[in-house]
Structure formats: C-alpha cells, structure tokens
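This report concerns the pocket and the helix packing of one structure, shown here with its sequence.

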Amino acid sequence: CFLFSVRPQHVYLSWREGKGPKAAQVGTRSPFDLAVGKLLRGGKIRSVRAWDDERVVSIEVDSGGEELTLVLTLIPAHPEALILRRADRTILCRSRMNRDAEALESRASVWSPPETPTTPRKEPPIREELVSTLNALDSHVELGLQEEAFSIRRVDFERRAREMLKQSRSRSKATEAALREAQAEPDWQRYGDLLKNHLGNPPAVQTRDGKAFRSVLDYETDQEHEVPADLKLDARAQVERFFHFARRKARRREEAATRLDTFRESVARLEKLLADPPANLNWEQLAQAERAVGIQPAEEARDTEASVGTSKTKKRNAGMGWLGKRFVAKDGTMILVGRTRDENSELTFKHARGNDIWLHVRGKPGAHVVVPLNSGKSAALETLLDAAHLCIYYSKGESWGKTEVDYTFKKHVKRIKDSTEVSYTGNKTLIIEPDSSRLKRLLAQETSS
C-alpha cells in the first residue's frame, strides 16, 4: 500500500505492508480509480524513482504482460497522477480531467519527464535509522502524522479554551456590576416593615423637592424615618410593593452571587487547563480537556456516526459557549445545568436546540437541565438518569425522596408571555429515588476539572 502526501511542508511518499485502508462500499469511484484497478491490479513493481530536484515519483509496473509507469506529481498546488505506456510514454489515463473538450484535446497525450539539472547537485544526507528496515520509514511517517493530528486538536482545544476564558472573565465583571447594583438598592424590607406597623393609622404623604414620602416612627428605636411613597398607591398597596421589591432584590442578589461563583469557577478551571495542557500524544488527557470545553473528541464523534449512520448524522460540539455547570455521562454525553432564572433562560432558549433533551422537576421551580444530542442520536437511559439526578440536586431536592422529573425535546418547551416561566408538552416522566453514589460520581467532576 503506497501512502503519499501533497500537503505543503509535508510532501512524502511511503509504503506500508498489507492491503491498506479498505474503500467505502457506498463511495463513488473516479474514472482514474477505476483505471488503476483495471490496469495495475495484480501487477509487479519493478522500480521506484524520485526525480532529482523535482517533486515527481515514477513507479514502473509490469501488469498483464504490459509495461506501465505510474507517475505521481507531488506538488501541493497542482497534484496529479498519470498512468503511461512505458515504451512511448503515452498517457493512458490521468487523475486531472478537464471538462473543457477543447482544452482536453489540446493537452499533450505524451508525458515529458522533468529535465535533468545542469548544475551540480548536492546529495541530501541519508538518515540510516529510517532505511534500516522496511517499516522504519512507515513508522516514522506514522509517528509524524500522529504528532501532527495531536497538535491540530490541541491547538483547537487551546483556542476554544482561550475564547471561553475571555468570555467568562467578561461575564464575571458584568455579574459583579449587577451584584453591586442589587446590593445598592434601598432596604425595601425595612421600609415595608416600618409602614406595616402603621397600617391602622397610616401617616399622610408629604412631598419635598418633588419626592413623596411618609414619616413613620420606628417603635424599636423611637426614631422617625422617611419612607418613600407612591402618590398612586394607598398605604397597604405601598407595603405590598415594598415587600415585592425586597423579594426581587433578594432574588437578584442570590442569582448574581450564584452566577458569579459559576463564572469564577469557570475562569479557574480554564486557567488550570491552559496552564497544564495535554502532554504530547496523551490522547486520553486531550479527550478529557476537549470535553471540558465542550468539544466532542474525534473518536466519540466517529462512534456517534457509526451508531446512527453516517448519511444522516450531523456532528455537533455539545455545549459550545455554555459557561455554566457541565457534566459528562458515562457514555461521554454532555449534560448542561442551569441553576438560576437567568441561567435557565440562557441555557434553554440560547444554547439548547430543538432535538436536545430538556429536563425539569415536575410541579416545582428548579433547575433546567439539557442533554445536547447530535442529529439522529437518542439519549441512553443511564444518561437520562444522570441528568435527572442533577436536575433534582440543583433544584435543592435531595431530601424530597421519590421525585418526578419530566423530560421532553427542547422544541416542545415554550416561554410563557410576560413571564420567566415556561410550559412544555410531549413529556415523559422519570420517578427518581436519589442515588448518592451516582451523584457522588457526577459531582466529583467539578473538583477533577
């Protein structure tokens, strides 16, 4: 089996014992491929020649009593393969076919070999370790290909990690600003408590510098306090408004603090990954690093293709851009978790796609969990159980006992108008008794990453 490359800076010709890669049964074959099978199959190679100062290799073959030559032009910008009749160098077939009939007729039907250089040529040194055995060069080329493939994947991982790190830092700063704004709001709870104590005889609304307020007495300190007032609301409605603002402030502070912790964890995790990149040819470590930034490792993508059929499979890097909690099921499937209203909304309506699996605890507010899937793939039961356990855990339901978790396709999840809530249809239900060992395995990924 001959192997050759026409990539820039990586031009080579090598060989390997055995029949080489097996052609796809459903793949189409070019006219040149058919000609190779017809003219050269079963032939015997007489010699191989690399032309001086040229990226041209000629292979002389005796096939069926006819002397033929296979010429490979290994020029990256203009690669070509020819099959010649050795006696008169007549071109029997070529890999480059020009569809323009006139241009095709005008092309020479006889191959002209490269000219012999007139200037003295310095022979390149021979690397004895590569020609000591038949498979030495093949092993060297294979190692080079492995290192190059590893380098390409590692560069892609590092690029993605740097992008996510930049995004995490930016969102961390924005969340810090939101947290400061929430903390700077007035003490609505205190206002509500002070005014509530005077609902039997509410103070009159006063105005100063265009601002309305009520002057109320704090019975604990025996001091007067000015409480903001809305001219359109009576005292009871004003108290309800204060308590509503107090709950909103508490929710904003809690969600901002949670998101800030998430982004800081993401920054620390990504900085650690970039500071300690995968060692050369450590494929397992590289795969773990790829999963940590939402890239599906190449071998898992191939397994996915094989499981659902290549003709209808559309590969996808799961969780790209999601900076919140992420976990990996036993089969390598990504699981994404939203913990606050903002995270839930972002995960469900910005990152999840129509045929992703979406999970939520039935009848209670809580976390949104998404299992991203490639086109045509379904989630395994173990993956659904992992996702359901995470859904219960991040909904603070560890002590609930048996819990119902609904799951459906994300395309069946709709946002309720003028609300932060969602509705969903077409769901099925899992009845989960929390398994501490399963949760321990999943939550251990946070510390390991």
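## Largest pocket

In this predicted model, the volume of the largest pocket is about 1,400 Å³. A pocket is an open set of points on a 1 Å grid where a 1.4 Å probe fits, with protein on both sides within 12 Å along at least five of seven lines. Its lining comprises 35 residues, of which Cys 1, Phe 2, Lys 19, Asp 33 and Val 36 are the closest to the centre; lining residues have an atom within 4 Å of a point.

By class, 18 lining residues are nonpolar, 10 polar and 7 charged. Asp, Glu, Lys and Arg count as charged, Ala, Val, Leu, Ile, Met, Phe, Trp, Tyr, Cys and Pro as nonpolar, and the others as polar.

## Helix α1

Helix α1 (31–39) is among the elements that give two or more residues to this lining, and its 4 residues are the largest share. Phe 32, Ala 35 and Gly 37 are the buried residues of α1 (under 20% relative accessible area). They pack against β5, β6 and β7 (90–94), with contact meaning heavy atoms within 4.5 Å.

## Helices α6 and α9

The axes of α6 (residues 235–275) and α9 (residues 341–351) come within 8 Å and cross at roughly 60 degrees. Arg 251, Glu 255, Arg 259 and Thr 262 of α6 meet Arg 341, Asp 342, Glu 343 and Glu 346 of α9. This contact has 7 charged residues, 1 polar and no nonpolar.

## Basis of the values

Residues are numbered from 1 along each chain as its sequence is written. Local features need pLDDT of at least 70 and side-chain atom pairs 80 or more, while totals for chains, interfaces and linings use all residues; side-chain values use heavy atoms, without hydrogens and water.

Methods:
Axes are lines fitted to C-alpha atoms, for helices over the stretch in contact, and angles run from 0 to 180 degrees between N-to-C directions. Grid points are joined across faces, edges and corners, and a volume is the space filled by probe spheres set on the points. Buried means under 20% relative accessible area, exposed over 50%, partly exposed in between (1.4 Å probe, protein chains only).
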